[in-house]
Amino acid sequence: MNAFRALFLFACALISHSSTQKASSSPPLAVVPLQTDENSADIETSSTAPFLPITLLPFTQLAHGLRSGPITIIDPRTFFIQDLHYDGKGPDAHFWVGKGTWPSGDGILVRNENQSSLPLPAYTGQNVTITLPGSLTYNKIDYLAMWCITFKHNFGHTFIRRRPSTEYGVQLAPFTRLAHGLRSGPIVAVDKKTFFVSNLHYDGKGPDAHFWAGKGPEPSTDGVLVPDENGSSKSLSEYTGQNVYVTLPGELTTDSIDYFGLWCIQFKQNFGHTTIPKNVTIPEPNGNPLYTHDNRRIIRVQKCCALNQVLLEGGCGSSEERFNPPMNVHEHNSSHIDDEPIAAESIEFVPFVQAITCSHQKYPLDPEEESFPLMKNGSLMVLNTQNILSMDNYCIETVNLGDEAGSRWVTTAILCFSSGNVPLSSTFFVIYAVGMCLRHRIGGGLAA
């Protein structure tokens, strides 16, 4: 064992001293991202050069509460998993590795951190070190996963190789509104396995309702049940505006389906769906849909105008001004703030396009005067008033808040407000449905 690896293992041992220690207290690891072309040959390890640790994305969150911090390959056979969470309720769950674009039953069992091959217990934030069996090394596998052998179910995984990419998916139409209050914002085919459903609403009263995918112009009995965002196949509960990621099961991909929707199995009823166009290129799976290839957290936000446009006085128009949301992001809950925001340098804001329709008027907040953090469910909290706005009542856009002295372009929240409400900022735009935009100053002289 060379001195570099010995030092790294000693550091990992210190991190793992307490089996319940959280990853947030762990010192930062000296790691480099693995970025290889998807068609590249197996990576060969040199027997003389020191092995540089490789950081992988956290586990995808597909079932049984599985999640983790970053996963590090610390030598060709050893994986260090930070902050591992799993509910322990899978009947035959194991660490699992193999070849292919998605975990399958053709993989190989990896013993747990205690060298046991019994089903995995619950994990509540432990740091775990596991070793590949025999002479197997990381450059001979494509994924590390948690897999239920009995039910052939993938609870979550990380890919060993991933390509640098700026592909964030293809925007699809919202769900059609056919029954039980189903509606949504745009749906994004993040990759060929994953859908992001924005602003999902459903009354939860369907007796046997499930996400559903299949062939044909609309949902039918020939479709396939798609587990919910928690990996559950139980009848869907109520949704009140949440953003959810849903993963197609098994070998199913967007290449083999024509629709994605909500279906009641018992009464053979379509509650609503979206179709998958055949003239678009949906990205291949390339890691964890919640993270960029370089481990930044993806936060999908609702943009008022098209991707290459900003909000001008006459409405949306082309511009080279950047879309750069300024708000903090909190993910602990949806009703109040009781945690530190995600570090700004660890976030990649990814927009999808959805204008808001206001009964009266719209105005932008001024980031120099207002704070408006983003909450777990996509709601926006305006701290000056403690109001929490659903995605029906705001979108994010770049606007010019300058005055006679010059332009001041900012990316900010555009809000709906009623005719009787007084806006928060001293300077704001009122944006009318006809597209006219007038500058106002409260108490200063200009009036609508």
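A disulfide, defined as a pair of cysteine sulfur atoms within 2.5 Å, joins Cys304 to Cys395, with a distance from S to S of 1.9 Å. The structure is a predicted model, in which local features need pLDDT of at least 70 and side-chain atom pairs count only at pLDDT 80 or more, whereas totals for chains, interfaces and linings use all residues. Residues are numbered from 1 along each chain as its sequence is written, and side-chain values use heavy atoms, with hydrogens and water left out.

The link of Cys304 and Cys395 is right-handed, with 105 degrees about the S-S bond. This pair connects distant parts of the chain, 91 residues apart, since Cys304 lies in the loop between strand E18 (297-303) and strand E19 (309-312), while Cys395 belongs to strand E25 (residues 394-400). Strands (E, at least two residues) and helices (H or I, at least four residues) are DSSP runs, numbered from the N terminus. Cys304 has a relative accessibility of 10% and therefore counts as buried, and Cys395 is likewise buried, at 2%; here buried means under 20% relative accessible area, exposed means over 50%, and partly exposed means in between, for a 1.4 Å probe and protein chains only.

A search of the whole structure finds 3 disulfides. Another of them is formed by Cys305 and Cys316, whose sulfur atoms are 2.0 Å apart. Because Cys305 is located in the loop between E18 and E19 and Cys316 in strand E20 (residues 315-318), this pair ties together parts that are 11 residues apart in sequence. The link of Cys305 and Cys316 is left-handed, with -75 degrees about the S-S bond. Cys305 is buried at 1% relative accessibility, whereas Cys316, at 41%, is partly exposed. A disulfide also joins Cys358 to Cys416, with 1.8 Å from S to S, and its torsion of about -75 degrees means that it is left-handed. When the bonded cysteines of the protein chain are numbered in sequence order, the pairing reads 1-5, 2-3, 4-6.

An open sheet of 4 strands has the order E14-E13-E16-E17 with antiparallel pairing, where two strands pair if DSSP finds at least two bridges between them. Its edge strands, each pairing on one side only, are strand E14 (224-226) and strand E17 (269-275). Within the sheet, strand E13 (residues 209-214) and strand E16 (residues 259-264) run antiparallel and are joined by 6 bridges. Ala209 stands opposite Cys264 in E16, and Cys264 is buried, with a relative accessible area of 1%.

The search of the whole structure also finds 12 salt bridges, each being a side-chain nitrogen of Lys or Arg within 4 Å of a carboxyl oxygen of Asp or Glu. One of these is between Asp258 and Lys215, whose closest N and O atoms are 3.8 Å apart. Since Asp258 lies in the loop between strand E15 (239-247) and E16, and Lys215 in the loop between E13 and E14, the pair ties together parts that are 43 residues apart in sequence. Asp258 is buried, at 18% relative accessibility. In a further salt bridge, the closest N and O atoms of Glu331 and Arg297 are 2.7 Å apart. This pair links distant parts of the chain, 34 residues apart, with Glu331 in the loop between E20 and E21 and Arg297 in strand E18. Glu331 is partly exposed, with a relative accessible area of 33%, whereas Arg297 counts as buried at 15%.
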